[in-house]
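This briefing is for a reader new to the structure shown below.

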Amino acid sequence: MNNLHIFICHYTPLKERKLFILNQLNDKIGNLIIKDLECEFDKEGKEYKSENFDESKPENYVYFIRKYDRDYLTPEIIDKFFIKDRDICHNVRRNVERFNEKPEISYDNYISEFNHCIYSRLKMTEMSLGLKHYEACRLISTMDINYGLVIEDDCTFAEDFIPKLNNLMKEFPDNWNIYIPNSSPRPGFKTLHGHIKLENTNKIFIKNAPNTVFGSSIFFRKSTADIIFKDIEKNKILLPIDHEYNWIFFKNKFIVLWNDRHEQLTFWNKSGMKSTIR
């Protein structure tokens, strides 16, 4: 992978968080070409380069997703993308083929078996974040790229992120869909329901459902991002996006990779900033 494409889920008014993540990316990734993408209130900004940009080195692209800020979520957008209370009683998520055992599973059974997120009315901030993840997947699908890293604006990175990711990708199975850079098998992570060891490496494993670690950093294949954004358009969103991802990953039988005897490449709890989901 010569060029990294990073899609940032960011609430536009929080300028200090934008400065934080840009400093993080400039320090740990470098050679950035930065774009503020178009949104409801503004056209796409002119791209600009990070400090100390070196024309002789591969460039890395950063896209700030400004669309779907909470202030611009109209009733029409909410109706288009989110399941309504009255829909839930009809159990609209039936007849999804089970991963290994039973032929069918309803969403109600999935909640029970996997101790999944119990539905509560989503906050506007949760809706906004979910749609920014949707938009990131849509963009990855439509752009001329093979992979995309979707992050939230309080994500932090390990040193030498790109060389480490490139080396680790050599260990990925051919049929992988998603890699979670901030995953770890150590206590404190959602490691219920186990994993599948890979024969050729102990650096990573295939995590059984549920298999997200919040939504702070997820590395997608292009084809996987295409399935996800189309799934959301067809079936809408019910849950906070990390739990919604768990359901989408499960029913689509995605191969989700976690770090095993390999360091975390990103971190979700080291920025020192408070969550903006309120």
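**Isoleucine 145 and its surroundings**

Leaving aside residues up to four places away in sequence, isoleucine 145 touches His5, Phe7, Ile140 and Lys222, where contact means heavy atoms within 4.5 Å. The model is predicted: local features need pLDDT of at least 70, side-chain atom pairs count only at pLDDT 80 or more, and totals for chains, interfaces and linings use all residues. Residues are numbered from 1 along each chain as its sequence is written, and side-chain values use heavy atoms, with hydrogens and water left out.

- Isoleucine 145 sits in the loop between H5 and strand E7 (147–152); helices (H or I, at least four residues) and strands (E, at least two) are DSSP runs, numbered from the N terminus.
- With a relative accessible area of 8%, isoleucine 145 is buried (buried means under 20% relative accessible area, exposed over 50%, partly exposed in between, with a 1.4 Å probe and protein chains only).
- Isoleucine 145 and lysine 222 are 77 residues apart along the chain, and their C-alpha atoms are separated by 7.0 Å.

**Helices H5 and H7**

- Helix H5 (residues 124–142) packs against helix H7 (residues 222–235) at an angle of about 130°, and their axes are 8 Å apart; axes are lines fitted to C-alpha atoms, for helices over the stretch in contact, and angles run from 0 to 180 degrees between N-to-C directions.
- That angle makes H5 oblique to H7, since angles under 35 degrees count as roughly parallel, over 145 as roughly antiparallel, 65 to 115 as roughly perpendicular and the rest as oblique.
- From H5, Tyr134, Cys137, Arg138, Ile140, Ser141 and Thr142 meet Lys222, Ala225, Asp226, Ile228, Phe229, Ile232 and Glu233 of H7.
- The residues in this contact of H5 with H7 comprise seven nonpolar, two polar and four charged.

**Serine 183**

- Serine 183 is in the loop between strand E9 (178–179) and strand E10 (195–198).
- Serine 183 counts as buried because its relative accessibility is 0%.
- The serine 183 side chain reaches the backbone oxygen of isoleucine 180 at 2.7 Å and the backbone nitrogen of asparagine 259 at 2.8 Å.

**The protein overall**

- The protein has eight helices and 14 strands.
- Of its 278 residues, 55% are buried.
- Among contacts in the protein with a separation of 6 or more, 78% are between residues 24 or more positions apart.

Conventions:
Ala, Val, Leu, Ile, Met, Phe, Trp, Tyr, Cys and Pro count as nonpolar, Asp, Glu, Lys and Arg as charged, and the others, Gly among them, as polar. A polar contact is a pair of N or O atoms within 3.5 Å; within protein, one must be able to donate a hydrogen and the other to accept it, and residues adjacent in sequence count only if both atoms are side-chain atoms.
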